Amino acid sequence: MGDDTATLHMDGIPADTLLKVKKYLDCFHLSLQKLQEVSARLRKDLVRGLGKHSHHRAPVKMLPTFVTATPDGTEKGDFLALDLGGTNFRVLHVRVVEEQQKVLKMDSQICAIPKEMMLGSGEQLFDHIADCLGDFLVSHNLKGQTLPLGFTFSFPCEQKEIDKSILIRWTKGFNCSGVEGEDVVKLLRKAIDRRGDYDIGSVAMVNDTVGTMMSCGYRDQSCEIGMIIGTGTNACYMEEMKNVKRVEGEAGRMCINTEWGGFGDDGSLNDIQTKFDVKVDKMSINPGVHTFEKMISGMYLGEIVRLLLVRLTEEKLLFNGQTSEVLLTPETFETKFISEIEEKEHGLENTQKILTKLGLKWDLVDSRVVRLVCDAISSRSARLCAAALATLANRIRGNRRLDHLKTTVGVDGTVYRKHPNFSNELQATVRRLAPQCDISFLVSEDGSGKGSAMVTAVAQRLALQSRLLEDSDGDDEEEEEDN
């Protein structure tokens, strides 16, 4: 990735072949100037998403999370976490230890959700969750304690308060009746009440991106951005309350879940979309939606590479013009192949194994061209991500009217964690696009588990502080009356 890696991948490719291949790859190379333009467009979209009247038309939704502070290091205690985002869900017991500044996962359990339950009634689903939570409490000797709970519910929701979240629509193969348009916290509490043998304390609804920021925020209290680059991509950051026009109140800050995957859904990225991107979008289950995500995230990168390889083979620039049945089948080129192919030590060897697995007859030049293609796609992903991240860092700096910002980003996701060059390229590009921001990166430890417990811990701390303030206000009045 970057110039050095690209040069390395070009070695051993005949000049005429290289020239013809690069013609197809040039559209994936985004100059610094183009990335600055992309960043400027996103900056406008952030403002639109925050606006009271422009929000509903904005492609970047900028959802308020009602998380109004990051950890300050004084949080402590025992918490439960529920993580529901697919065909399994997790129950966790998390302990926050103030003296060690650590968030410890004490125990966890994975519960399956049968296919028929994913399409059954909402009551049945939440009864199942309540049963699994009850079993967990018994088997880990927690029954009888009323513990606060962080609930990561990874479906499109409109959050009304920290403990009130309305499901907009089901995704990921779920279609339980009686849940859309309802408050999922209320449905969970009702299911627990129906059992009647245990109770839970306060609940905090948590988006996984916010969990990522908060799990890092306990270790590093300057962490105020969370970013995920995995199967999908998203980011959150701490915004000044006075700019969050859809929520009452001017003082302090609130974490905003940007939902930046939707950037470009209004056509604002058409000039950098390639014909391969357009094809991936058309073949996806949600055409015209999540434009930015489809250029960046793990769910789509492999497919972009596959389409390019097919095209280069048709042009007789690869595999002697001979494709294979496997290569012509959508989604057979997995995104993890890109990481394996670009590995520094064994990349070429890995490439050759993968091409054989795909039923292709390759030579050494073919394997080098394939590496070059993978580099172009992953490099564009890292650079686009950097442009979006720089937008958030520059916004935080501008909000605070600082000449120089020092901040930390909590990061998670398989693309960021597993790709050999992605994080380096992203960080180098951010430095160029946000030169007045000194950004550190911290890889999250279990944002949807430990992170959601930390959101709950912070919410509990704030509630306690506000109760103490109310009490002391009352005392002042009493003292004034006595005098």
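In the predicted model, strand E5 and strand E8 (residues 203-206) pair in the parallel sense over 4 bridges, where helices (H or I, at least four residues) and strands (E, at least two) are DSSP runs numbered from the N terminus, and two strands are taken to pair if DSSP finds at least two bridges between them. Within this pairing, Phe151 stands opposite Met205 in E8. Strand E2 (residues 77-84) is likewise joined to E5 in a parallel arrangement, through 5 bridges, and the bridge partner of Leu84 in E5 is Phe153. Residues are numbered from 1 along each chain as its sequence is written, and side-chain values use heavy atoms, with hydrogens and water left out. Because the model is predicted, local features need pLDDT of at least 70 and side-chain atom pairs count only at pLDDT 80 or more, whereas totals for chains, interfaces and linings use all residues.

Strand E5 (residues 149-153) has 5 of its 5 residues buried, so it is largely enclosed by the rest of the structure; here buried means under 20% relative accessible area, exposed over 50%, and partly exposed in between, with a 1.4 Å probe and protein chains only. In a regular strand the side chains alternate between the two faces of the sheet. In E5, Leu149, Phe151 and Phe153 point one way while Gly150 and Thr152 point the other way, and all are buried.

E5 and E8 belong to an open sheet of 5 strands with mixed pairing, in the order E4-E3-E2-E5-E8. Strand E4 (102-112) and E8 stand at the edges, each with a single partner strand, so one side of each is left without a neighbour in the sheet. Neighbouring strands of this sheet are turned by 20° against each other on average, with direction ignored; axes are lines fitted to C-alpha atoms, for helices over the stretch in contact, and angles otherwise run from 0 to 180 degrees between N-to-C directions. Elsewhere, strand E6 (residues 157-161) and strand E7 (residues 164-167) run antiparallel and are joined by 4 bridges. These two strands form a hairpin with 2 residues between them, and Glu158 stands opposite Ile166 in E7.

An open sheet of 6 strands, also of mixed pairing, has the order E1-E11-E10-E9-E12-E13. Its edge strands are E1 (63-64) and E13 (437-443), each of which pairs on one side only. Helix H7 (residues 208-217) packs on this sheet, touching strand E9 (223-229), E10, E11, strand E12 (405-412) and E13, and the direction of H7 makes about 130° with that of E9. Strand E10 (residues 233-240) and strand E11 (residues 253-257) run antiparallel and are joined by 5 bridges, and Tyr237 has Ile256 in E11 as its bridge partner.

The contact, defined by heavy atoms within 4.5 Å, is made by Leu301, Ile304, Val305, Leu308, Leu309 and Leu312 of H10 and by Val369, Val370, Val373, Cys374, Ile377, Arg380 and Ser381 of H13. These residues divide into 11 nonpolar, 1 polar and 1 charged, where Ala, Val, Leu, Ile, Met, Phe, Trp, Tyr, Cys and Pro count as nonpolar, Asp, Glu, Lys and Arg as charged, and the others, Gly among them, as polar.

Arg380, which is found in helix H13, is buried, with a relative accessible area of 1%. Leaving aside its neighbours within four places in sequence, Arg380 is in contact with Phe28, Leu30, Ile272, Thr274, Asp277, Met295 and Ile304.
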